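Please read this briefing alongside the sequence and the coordinates. It covers a ligand site, a pocket and some backbone geometry.

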Amino acid sequence: MTVARAPRRITVAEAARHVGELVCIPGWLYNLRESGKILFPLLRDGTGILQCVASKAQLPESVFQAIKDLTQESSIVVTGTVRAEPRAPGGYELEVADLEVVQRVPESDPYPITPKEHGIEFLLDRRHLWIRSRRQNAILRIRHEVVKAIRDYFDSHGFTLCDTPIFTPAACEGTTTLFEVNYFDHDKVYLTQSGQLYNEATAMAFGKVYTFGPTFRAERSKTRRHLTEFWMVEPEMAYATLEDVKQVAEELIVFVVGRVLENRRAELAVLERDVSKLEAVQPPFPRISYDEAVRLLQSKGSPIQWGEDFGGDEETLLSEAFDRPVMIDRYPAAVKAFYMQPDPERPEVVLGVDVLAPEGYGEIVGGGQRIHDYELLVRRLEEHRLPRQAFEWYLDLRKYGTVPHAGFGMGVERCVAWICGLDHVRETIPFPRMLYRTRP
Ligand code: 4AD
Ligand code: MG
């Protein structure tokens, strides 16, 4: 006696391994096409999109009719046989044997994001639904790959993950971009701008560390590169210099881009990304000084003068000049953060470096060597009018076994925007937070 077994439940991504088998796939209706007595429902399940084929001749009338009546994004469980079909998108299709409707979206209140074009504000207002679309799905899968590659890189290079706090009593990156938080009856508390100061403490405890989490900037910038909440990975190394930072940042970027090329070709294809641009991301990256960068900008017609910080326009010009990320070091001390180590040969510049992504994407990494001398750090805190008492613990690191140390921060969203070839960072995070957007 044979017992009929329930069809195996699989995902769309697994379909290729089940050709000829009767399977069931739970998901949602992405789109429905009709051609005479055959229906072509597109099944979306989060792992991919699979074309299903439902023919009137082979299905009970009620099942065929239920499919015909399906509305976009209705939840469905499709049972059928997987077939290799070169003409189907993706190369496979599912010959429908049965279909269960879990919830049919009513015509009276249809799914708002239709295959037609929508404006960006309309889509951002419906971000909780928009993330279901093929393109957004591809971007966010690449983001996952980037995050995993970053972790794998540090975990396999002797770095210890040391998480840093989000509620912080002190500014790391300038007092003008702090989000203040009500914190019981304590003194002022802010959302962290960077885990760096704490990294410096954990680096003295563990040698090489990294922190990876959300960071916040109250920047009134409405550009394609700015979020108010973004994710940053920040490594920090004891007994290390600016040169070590450049080497690790270069290796990390090459590794991350390589992983995406290795594992996310299909997603890059959905985004129509020119992968030859990513394949060019090989070491060594060009390394230039701030002085050289200023001259290069001036030669391209920029009005920039030595001493000024680079804005979005300068970054775009510079990063368009190279086919791979470019490292720019030794910025004027006056435009950089209080903790940057001055160059002993030229104290008006600091041992800091920015990495600009190519194709006009601008800064993706900022970092360098930190001041390790107690007296100098005290002076800098005063010059920057930072409250000494909030930094006493940080000064302790210069009192008890101080050593040269260095690190950097890499912004996840800017990296993903570059790797995906997007024109704005808002699509690189599931729920973006920007100057005028805190919903949904
Ligand atoms: O250059 P930043 O401000 O450096 C720091 O915060 C250092 N404390 C990091 C360190 O040395 N540990 O920021 C680092 C990176 C930038 O290069 C950029 O990629 C990203 O963080 N970033 C932003 N990304 C999106 N929106 C914003 N508003 C960002 N501000 C910085
Ligand atoms: Mg920076």
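The notes below start with conventions and then go through the ligand site, the pocket and the backbone.

This is a predicted model, in which local features need pLDDT of at least 70 and side-chain atom pairs count only at pLDDT 80 or more, while totals for chains, interfaces and linings use all residues. Residues are numbered from 1 along each chain as its sequence is written, chains are lettered from A and ligands numbered from 1 in the order in which they are written, and side-chain values use heavy atoms, with hydrogens and water left out.

**Ligand 1**

- The shell around ligand 1 holds 24 residues, with Glu173, Gln196, Arg217, Glu234 and Glu363 the closest; a residue is counted if one of its heavy atoms lies within 4 Å of the molecule.
- The side chain of Glu173 has an N or O atom 2.7 Å from a nitrogen atom of ligand 1, and for the side chain of Tyr339 the distance is 3.3 Å; a polar contact is a pair of N or O atoms within 3.5 Å.
- Arg225 has a backbone N or O atom 3.4 Å from a nitrogen atom of ligand 1.
- The protein buries 94% of the 630 Å² that ligand 1 exposes when taken alone (Shrake-Rupley method, 1.4 Å probe).
- β12 (229-238), β18 (362-369) and β19 (405-411) each give two or more residues to this shell, and β18 gives the most, with 5 residues; strands are DSSP runs of E with at least two residues, and helices are runs of H or I with at least four.
- By class the shell has 8 nonpolar, 8 polar and 8 charged residues, where Asp, Glu, Lys and Arg count as charged and Gly counts as polar.

**Second largest pocket**

- This pocket has a volume of about 650 Å³; a pocket is an open set of points on a 1 Å grid where a 1.4 Å probe fits, with protein on both sides within 12 Å along at least five of seven lines.
- Its lining has 25 residues, and Val12, Thr47, Gly48, Ile49 and Ala266 lie nearest the centre; lining residues have an atom within 4 Å of a point.
- β4 (49-55), α4 (134-155) and α7 (265-270) each give two or more residues to the lining.
- The lining divides into 11 nonpolar, 7 polar and 7 charged residues.
- The pocket lies between domain 1 (8-103) and domain 2 (127-427), because both give residues to its lining; the bounds come from an automatic or database domain assignment.

**Backbone geometry**

- Pro283 and Pro284 are joined by a cis peptide bond with omega near 0°, and Pro284 is in the loop between α8 (275-279) and β13 (287-289).
- The bond from Arg439 to Pro440 is cis, with omega about -5°; Pro440 is in the segment after α13 (412-420).
- Tyr239, a residue other than glycine, has a positive phi near 50° and is in the loop between β12 and α6 (242-263).

How values were computed:
Grid points are joined across faces, edges and corners, and a volume is the space filled by probe spheres set on the points. A polar contact is a pair of N or O atoms within 3.5 Å; within protein, one must be able to donate a hydrogen and the other to accept it, and residues adjacent in sequence count only if both atoms are side-chain atoms.
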